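Grab a pencil and open the viewer.

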Amino acid sequence: MPKLLHIDSSISGEQSTSRRLTARAARRWSAVHPGGTVTYRDLGLHPVPHFDAVTGLARMIRPEDRSRAQQLSFALSVELVEEIKRADTVLLGLPLYNFGPPSTVKAWVDHLIAPGISIDAETNAGLLGDTEFIVLAARGGGYGPGTPREGWDHAEPWLTHALSPTGLEPRFITAELTVAGSNPAMADLVPLAAISLGQAETAIDELWATDQAAAS
């Protein structure tokens, strides 16, 4: 039975573009995979703990040397990695905050970098490469080629590099200029924002087209 892991991270609630995009992708996935199961995690409402001077060491020391706090932190890493291993597809909503990812996504990724769980402890090979990973990104401004802030989106390259040891390879679908409709200074960019959102929605609607064709 196909399994989907759907993760949101925006703090903007119903105003969130990334949440609307992940919801659309989840509906698309469910339509193509009838009978499939969906697991949902909301990092915006229920963030996983950030590492501190104690828990950050849990994945680097022998099990018998872990304190109680380190045991709990390691157990959470196991839980988060197993969620991915059980899934055929992972959807992640990724808003851009201050030119980077939400800190909750950083904490989630930190937990995933775990030798012996997501990375082979002997060969260093990633163990999550069989999972499809779709990232639905939203950027309030414009960061594409030729724009004044080209290259200022540090979330996309960071996520790709940070997860590379695990074998996860993200595919990004991005909507830009998402605050144009609410920011008077960006009023002239509203048409471009609509085009960007439409392109993202079209890309989502075309996901898993091969699977749908095979099932027809």
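This is a predicted model: local features need pLDDT of at least 70, side-chain atom pairs count only at pLDDT 80 or more; totals for chains, interfaces and linings use all residues.

**Exercise 1. Work out the order of the strands in the open sheet and find which are the edge strands.**

Solution. 
- Start with the order: the five strands run β2-β1-β3-β4-β5, and the pairing is parallel.
- Now look at the ends. β2 (37–42) and β5 (170–175) each pair on one side only, which makes them the edge strands.
- From one strand to the next, the twist averages 20 degrees.
- Zoom in on one pairing: β3 (residues 89–95) and β4 (residues 132–138) share seven bridges in the parallel sense. Leucine 91 stands opposite isoleucine 134 in β4.
- Finish with the helix: α5 (residues 190–205) packs on the sheet and touches β4 and β5. Its direction makes about 145 degrees with that of β5.

**Exercise 2. Decide whether arginine 41 is buried or exposed, and find its side-chain polar partner.**

Solution. 
- Locate the residue: arginine 41 lies in strand β2.
- Check the accessibility. Buried means under 20% relative accessible area. Arginine 41 has 14%, so it counts as buried.
- Look for a partner: the arginine 41 side chain makes a polar contact with the side chain of glutamate 83, at 2.9 Å.
- List the neighbours. Leaving out residues up to four places away in sequence, arginine 41 touches His6, Ile7, Asp8, Val48, Glu79, Leu80 and Glu83.

**Exercise 3. Classify the two aromatic pairs and say which parts of the chain they link.**

Solution. 
- You'll need one cut-off: planes over 60 degrees apart count as edge-to-face.
- Take phenylalanine 99 and tyrosine 143. Their ring centres are 6.3 Å apart and their planes sit at 75 degrees, so this pair is edge-to-face.
- Compare accessibility: tyrosine 143 is buried at 11%, while phenylalanine 99 at 28% and tryptophan 152 at 38% are partly exposed.

**Exercise 4. Find what lies over the face of phenylalanine 74.**

Solution. 
- Look above the ring: arginine 66 is there, 3.8 Å from the ring centre.

Key
Residues are numbered from 1 along each chain as its sequence is written. Side-chain values use heavy atoms; hydrogens and water are left out. Two strands pair if DSSP finds at least two bridges between them. Helices (H or I, at least four residues) and strands (E, at least two) are DSSP runs, numbered from the N terminus. Axes are lines fitted to C-alpha atoms, for helices over the stretch in contact, and angles run from 0 to 180 degrees between N-to-C directions. Contact means heavy atoms within 4.5 Å. Buried means under 20% relative accessible area, exposed over 50%, partly exposed in between (1.4 Å probe, protein chains only). A polar contact is a pair of N or O atoms within 3.5 Å; within protein, one must be able to donate a hydrogen and the other to accept it, and residues adjacent in sequence count only if both atoms are side-chain atoms. Rings of Phe, Tyr and Trp (its six-membered ring) pair if their centres lie within 6.5 Å; planes under 30 degrees apart count as stacked, over 60 as edge-to-face and the rest as tilted. A charge sits over a ring if NZ of Lys or CZ of Arg is within 6 Å of the ring centre and within 35 degrees of the ring normal.
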